[in-house]
Amino acid sequence: MSGLVQFRRDGNIGVIVVDNPPVNALKHEVRAGLVEALGKAREDASIEAVVLTCAGRTFIAGADISEFGKPPRTPTTIDVITTIEPMSKPVIAAMHGTPLGGGLEVALGCHYRIAAPGTRLGLPEIKLGLMPGAGGTQRLPRVVGIEKALAMILTGDQMPAKDAREAGLVDEIADGDLTASAVAFAKRVVAEKRPLPRARDRDEKLAPFKSDRAKFDTVAAAYTKRAKGLHAPAAAVEAVRWALDLPIDEALKREREKFMELVADDQSKAQRHIFFAEREAAKVQDLPAGVKGVEVKRAAVIGAGTMGGGIAMCFANAGIPVTVIEASAEALRSGLDKVEKNYAATVARGGLSAVEKDQRLALVASSVDMAAIADADMIIEAVFEEMELKRRIFADLDRLAKPGAVLATNTSYLDVNEIARATRRPEAVVGMHFFSPANVMRLLEIVRGAATSPATLATAVAVGRKIGKAPAVVGVCHGFVGNRMLRLRSVEGERLLIEGALPQDVDAAMTKFGFPMGPFAAGDLAGLDISWRMRKAQGLRAEIVDQLCELGRFGQKTSKGFYRYEAGSRSPHPDDEVEQLIVATSQRLNVKRRTIDADEIVERLLFPMINEAARILEEGIAARPGDIDVIWVYGYGFPIWRGGPMFYADAVGLGHVRDRLTDFATRTGDARHQPSPLLARLAEEGKGFASLTVAKG
Ligand code: 3H9
């Protein structure tokens, strides 16, 4: 038997234990081991029931994602399930941790399911551009009903054991030791000669939807309204509909075919790339072995503005007490009010209970006295972007923070080394760049200063993971990775307007590409005046946007920016005044306007950023191309199904990117567009950015 699956007996009960750390993924040896162990249990007449459980931190968390794309090997997960389901002895899944994907599908093939308290069950395939491929789209609706099944399959969200018990997905919540509870349960099933319920035979929860197709469409539409252009959600809806329309064997066959199609689809390849890249990005490459950070039991945030409040919420959401510091009682009150309103909105949406909201708010303390940071293990400064102000704050932090505390700055482009020099402990200083809204956006750029110690870095990354962020370690340069690349997009956006495009053309091309918002609509949302003031201070100028700001068009907040906005609405409307201003600017600059198509717009905006990213890699500001993909997907809305800018560049082909950049350089006279040495070399060698790292999935 495979070493990854053990079989033992407990009286008349056979106990199968999967032990494939870290998450008991269903790799080939596990599947083979399971089929063999089940065979033993079936053949052994003295065994009357089987408990299937897992060692380590979780029940099977799904198929082994790194096997996708390789030739399938039998036994498959479906073979495991079709071994379990027809058995004449009850098979009980004993689950803990996160039974996910193929793991939950195996459990759905069992006759009974018992879960430890705290177990969270789910079918997260959609997050990988897939849908369940081992019966999940057919068995789950039969067990929990169409509505809950669609919700689980289309969101990929996990269901807590308590809810799963109510939904009928779990038969019992274990009391005490899981395996012991499951064995006792199995003995009861045998003693009471209980039937062997098979999910596939059930029909009662499908009935209401069989007679009401409109209801199915309404529920499915609610969960897919943001899934425009994505292949997996549409396929998943179709598959769940088969549960109503087809005999189960036919539906299972089609589900498998559809799943295999999705595995081979570029969208899923991109999403699997991001799955592994996110986990790689959280590994600091040159951290000496054995370095441990400090455990952050209490945090403090300096500044109760939008950023500070959002960061405080991240800590409270993760159960870490946090103290918010502001200069005045008034600013503090207004900041905390916003935090409270934010939580209230989540409660109103059903995302949080009123009790949970109160628990989280109770974790947020506040003070106007900086000395209140004294017991914090990590302090994050989130004040206005002004070097002198930040240096003053860091000098105070140095004086007041306890030894060993991490002193972090949320700056989005200032020099972390200069900030660190304001302290006598630069090794404790690190950048922790959150993205707005900080309680929502997953990206966390962790900026490593010249003096940042390995322990400080390890603490920042570990905290990032703990508060549910996707951390990526970057080096110091103006704007770090994300904003440094973004700047090129802004410059190029302006050029496109002057050459002949209008904001709505550019935004339409980028939303068609998959960004949730075009760059100009996004600029209006963020406010155009901040960067205008920054440019003025540096003696810089951006032709179009600065003229808009001079007219008081700061974006949504003034109801006018690149677009105009009607009162109470966030929908952008093209504005004649803006068009006239743009056309007049082209004339003044002697540029003959021309039609620019969507493909050119996308290339003009993305390729210069990709070129800059190649320089960022050359300079070692980012360690891996995948880190840059994580930054753009989780911080800037780059469509996850395109895998981030570097993965996208590889898909397009670096030869093409290089040729287009050379052409842009000639046309615009901008030397920055000349292909960087790294990009040029890879293109010459016929390679992609992926060749710089070892692929995982
Ligand atoms: C599926 O099941 C398809 C079926 O419907 C049909 C089949 C026919 N495979 O996230 P962590 C690695 S699709 C391979 O840091 P956590 C991960 O890369 C699958 N590797 O831990 C990392 O490696 P490393 C459906 C996996 O505690 C290490 O394990 N299932 C897999 O924060 C630790 O991971 C999913 O989509 C995997 N399935 O979170 C579940 N999972 O240390 C995906 C993890 O070398 N997994 N690894 O960097 C997760 O959501 C989280 O890992 C989990 C644990 C919640 C389980």
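The accessible surface of the chain is about 29,100 Å², and 53% of that area belongs to carbon and sulfur atoms; areas come from the Shrake-Rupley method with a 1.4 Å probe, and for residues only the protein chains shown count as cover. This is a predicted model, in which local features need pLDDT of at least 70, side-chain atom pairs count only at pLDDT 80 or more, and totals for chains, interfaces and linings use all residues. Residues are numbered from 1 along each chain as its sequence is written, and side-chain values use heavy atoms, with hydrogens and water left out.

**Overall form**

- The chain has 29 helices and 16 strands, which are DSSP runs numbered from the N terminus (helices: H or I, at least four residues; strands: E, at least two).
- The C-alpha atoms fill a box of roughly 90 × 60 × 55 Å along the principal axes.
- Of the 697 residues in the chain, 54% are buried (buried is under 20% relative accessible area, exposed over 50%, partly exposed in between, with a 1.4 Å probe and protein chains only).

**Nonpolar cores**

- A nonpolar core is a set of buried Ala, Val, Leu, Ile, Met, Phe, Trp, Tyr and Cys residues joined through side-chain atoms within 4.5 Å.
- The largest core has 95 residues, of which Ile 379, Leu 606, Ile 628 and Phe 689 touch the most other members.
- Helix 25 (residues 598-618) supplies the largest share of this core, 11 residues.
- A second, separate core of 73 residues includes Val 106, Ile 126, Val 170 and Leu 206.

**A buried glutamate**

- Glu 603 is in helix 25 and is buried, with a relative accessible area of 15%.
- Beyond its neighbours within four places in sequence, Glu 603 is in contact (heavy atoms within 4.5 Å) with Pro 608, His 656, Arg 660 and Phe 664.

**Backbone features**

- Most residues other than glycine have a negative phi, and most peptide bonds are trans.
- Pro 21 and Pro 22 are joined by a cis peptide bond with omega about 5°, and Pro 22 is in the loop between strand 2 (13-18) and helix 1 (28-43).
- The bond from Ser 436 to Pro 437 is also cis, with omega near -10°.
- Phe 480, not a glycine, has a positive phi of about 55°, and its relative accessible area of 0% makes it buried.
- Ser 559 has a positive phi near 60° and counts as partly exposed at 33% relative accessibility.
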